[in-house]
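Let us go through this model by question and answer. Please have the sequence and coordinates open.

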Amino acid sequence: MGKVFVDACFGKETPYTPVWMMRQAGRYLPEYMEVRRKVGNFLDMTRNPEIVAEITLQPIKRLDVDAAILFSDILNLPMEMGLPLRFEKGVGPIFDKTINDEKDIEELDERAYEKISYVYKGIKLIKKDLPESKALIGFSGSPWTVSTYMVEGRGSKQYAKIKKMVYTNPKLLHKLLDKVTDQTIKYLSKQIESGADAIMVFDSWGGALEREKFFEFSWEYMKEIAKSIKQNYKNIPVILFSKGVGLYMSDMDGEFDVLGIDWNTPMDYALDIFKDNYTLQGNMDPTRLYSKEATKEAVIKIAEIMKGHRHIFNLGHGILPDVPVENAKYFVDLCKEVTRR
Ligand code: 1CP
């Protein structure tokens with residue numbers, strides 16, 4: 001039996017529309033919180049292959065989603081490139097050392113993709129216990145989104161520091177993006193070699209850029225990653241997800257298989273643009289999960305729009321920590337039920 005998720009990525013016929021949720025391995029799950037309390041520190045969790053495997057598999061066991069996503073973070077790779085990382089309660093990720101000039105970029109460790117071996121070990125452990133019918137998604141951040149943290153030092157509202165670089169020193173920024181792209185391609189390739197069945201690139205802050213700059217500083221690098229992966233691993237689906245760029249979609253092309261659609265972008269609008277050239281993944285507003293009725297309304301609407309087209313059910317961004325697990329389970333069951341053929 002093939003994997004429903006992988007088949008859907010390639011636009012093959014499936015018995016139902018597969019479903020998973022961004023950030024599905026996380027704080028809304030009591031079993032995640034239990035491990036987190038035991039280990040104490042998020043980063044230590046990501047650096048322990050046994051814990052990585054355990055948490056990755058939790059949503060498979062609890063929700064019966066069609067794909068597991070590797071439990072890690074997009075910031076582990078820049079951390080291994082030489083920027084010490086910490087997570088602060090109420091703030092989020094913090095890099096105390098940031099990228100400011102050419103020297104900072106030259107000092108970045110080009111062996112990062114090897115140093116991050118705990119991820120590859122975790123993937124091997126996950127694959128031992130993952131049922132044959134389920135897929136494992138490996139991932140990275142997009143070079144642009146990862147670079148926003150490397151330059152700003154933390155999550156940002158204005159992106160003033162990196163956008164100043166966009167307009168005053170684009171050459172420097174391209175140099176950083178080139179280096180992160182190179183590491184990311186090697187990192188994702190090793191995830192595939194270790195057993196990942198698909199890979200996804202998260203570009204959460206693509207929407208911080210105006211149209212022309214988005215393509216120059218973010219999309220081009222995502223395309224380069226996709227192209228390189230498809231050249232070497234034809235049978236591995238590549239999923240690209242940029243947040244906040246629905247209005248730029250008509251110019252998006254490239255050698256990827258699946259495009260993630262955020263919740264700000266109407267699904268029928270996206271389908272109009274992409275037709276069945278790609279599988280569209282998404283896009284229920286994650287806050288609908290607070291209400292079963294609101295969930296049902298969206299699932300039925302999205303299923304109707306995507307009926308007969310290439311589709312994977314997901315949320316339009318990550319699940320929130322205080323969503324009842326019961327409602328998440330309701331969403332997953334309902335997606336399969338209403339699309340069963
Ligand atoms: O226990 C905790 O409090 C840690 C919370 C947490 C978790 C569960 C963070 C901190 N990262 C993660 C895991 C994670 N991050 C995954 C694992 C797999 C899954 O989806 O279940 C993935 C894919 C990510 C990706 C990620 N990390 C993104 C891109 C996707 C998105 O949500 O936009 C980003 C931007 C990050 C950075 C990050 N990691 C964690 C935080 C709090 C943040 C900051 C987000 C921000 O700046 O707003």
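Predicted model: local features only at pLDDT ≥ 70, side-chain atom pairs only at ≥ 80, totals over all residues.

Tutor: Residues are numbered from 1 along each chain as its sequence is written, and side-chain values use heavy atoms, without hydrogens and water.

Student: What is the strand order of the open sheet?

Tutor: Strands are DSSP runs of E, at least two residues, numbered from the N terminus. Two strands pair if DSSP finds at least two bridges between them. The seven strands pair in parallel, in the order β1-β4-β5-β6-β7-β8-β9.

Student: Why is one side of β1 and of β9 left without a neighbour in the sheet?

Tutor: β1 (67-69) and β9 (311-315) each have a single partner strand, so both stand at the edges.
β1 pairs with β4 (residues 135-141) over three bridges, in the parallel sense. In that pairing, the partner of I69 in β4 is I137.

Student: Which polar side-chain atom lies 2.3 Å from a ligand oxygen atom?

Tutor: A polar contact is a pair of N or O atoms within 3.5 Å. Y149 places a polar side-chain atom 2.6 Å from an oxygen of the ligand. The one at 2.3 Å belongs to R36.

Student: How much of the ligand's area does the protein bury?

Tutor: Areas come from the Shrake-Rupley method with a 1.4 Å probe. Alone, the ligand exposes 900 Å². The protein buries 87% of that.

Terms used. Helix = DSSP H or I, 4+ residues; strand = E, 2+ residues; numbered from the N terminus. Polar contact = N/O pair within 3.5 Å; in protein donor to acceptor, adjacent residues only side chain to side chain.
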